[in-house]
Amino acid sequence: MAKLYELAKVLRSKNSGPFEVTMDILFDNRDIYEKVKQSNVITKDRIAEIYNISTRDIHHLVYFDPALGIKITMARDISSGTAGDRDVYGAQQHAPLMNIDVDWE
């Protein structure tokens, strides 16, 4: 087993407008990307579980082969900049992805 943060070159999040946040998982090695993709550990169900949200709140989950990347876009529970928003830029929302276990065998 390996943690996703050990395999990905970049794990980041950012706003995708005031009502959504996007997370990018980028790899610098095609073999590693393909193993993660084939492991089927990054799914809407798994993301919903990790973030304690409904799968309906995950607007996009895309494997983009030419860039060796995975993009996940989901609804923010509170719009960016609204009173009570603790991450106005959406820049700290990727942390739960880091510890996803990937079967490396």
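A: Strands here are DSSP runs of at least two residues, numbered from the N terminus. Ile70 is found in one of them, strand E5. Bear in mind that this is a predicted model.

Q: Why is Ile70 called buried?
A: Buried means under 20% relative accessible area. Ile70 has a relative accessible area of 1%, so it is buried.

Q: Which residues does Ile70 touch?
A: Leaving out residues up to four places away in sequence, Ile70 touches Met23, Asp24, Ile25, Phe27, Tyr33, Val36, Ile42, Leu61, Val62 and Tyr63. What makes each of these a contact is heavy atoms within 4.5 Å. Ile53 is another story: 17 residues along the chain from Ile70, with 19 Å between the C-alpha atoms.

Q: What makes E5 "mostly covered"?
A: A count over residues 69-75: 5 of the 7 are buried.

Q: How do you know that E5 is paired with E3?
A: Pairing takes at least two bridges found by DSSP. E3 (residues 20-26) and E5 have 7, in the antiparallel sense, so the pair qualifies. To find it on screen, look for Glu20, whose bridge partner in E5 is Ala75, or Thr22, whose partner in E5 is Thr73.

Q: And what makes E4 a partner of E5?
A: The test is again at least two bridges. E4 (residues 58-64) and E5 share 6, also antiparallel, so they count as paired. Val62 stands opposite Lys71 in E5. E4 and E5 form a hairpin with 4 residues between the strands, and Leu68 takes a positive phi near 55° there.

Q: Why is E3 described as largely enclosed by the rest of the structure?
A: Because 6 of its 7 residues are buried. On another pairing, 6 bridges join E3 to E2 (residues 10-15), and the two run antiparallel. Ser13 has Met23 as its bridge partner in E3. This hairpin of E2 and E3 has 4 residues between the strands, and Gly17 in the turn has a positive phi of about 95°.

Q: How do you know that Thr22 counts as buried?
A: Set its 5% relative accessibility against the cut-off of under 20%. The value falls below it, so Thr22, a residue of strand E3, counts as buried.

Q: Why is Thr82 called partly exposed?
A: Partly exposed is the band between buried, under 20%, and exposed, over 50%. Thr82 comes in at 34%, so it is partly exposed. Thr82 lies in the loop between E5 and strand E6 (101-102).

Q: How many nonpolar, polar and charged residues are in the lining of the largest pocket?
A: The lining has 6 nonpolar, 4 polar and 6 charged residues. The volume of the largest pocket is about 380 Å³. Of the 16 lining residues, Arg76, Asp77, Ile78, Arg86 and Gln93 are the closest to its centre.

Terms used
Residues numbered from 1 in each chain as written. Predicted model: local features only at pLDDT ≥ 70, side-chain atom pairs only at ≥ 80, totals over all residues. Heavy atoms only, no water. Buried < 20%, exposed > 50% of the residue type's maximum accessible area, 1.4 Å probe, protein only. 1 Å grid on protein atoms, 1.4 Å probe; cavity = no way out; pocket = protein on both sides within 12 Å on 5 of 7 lines; lining within 4 Å. Points joined across faces, edges and corners; volume = space filled by probe spheres on them. Nonpolar A, V, L, I, M, F, W, Y, C, P; charged D, E, K, R; others polar.
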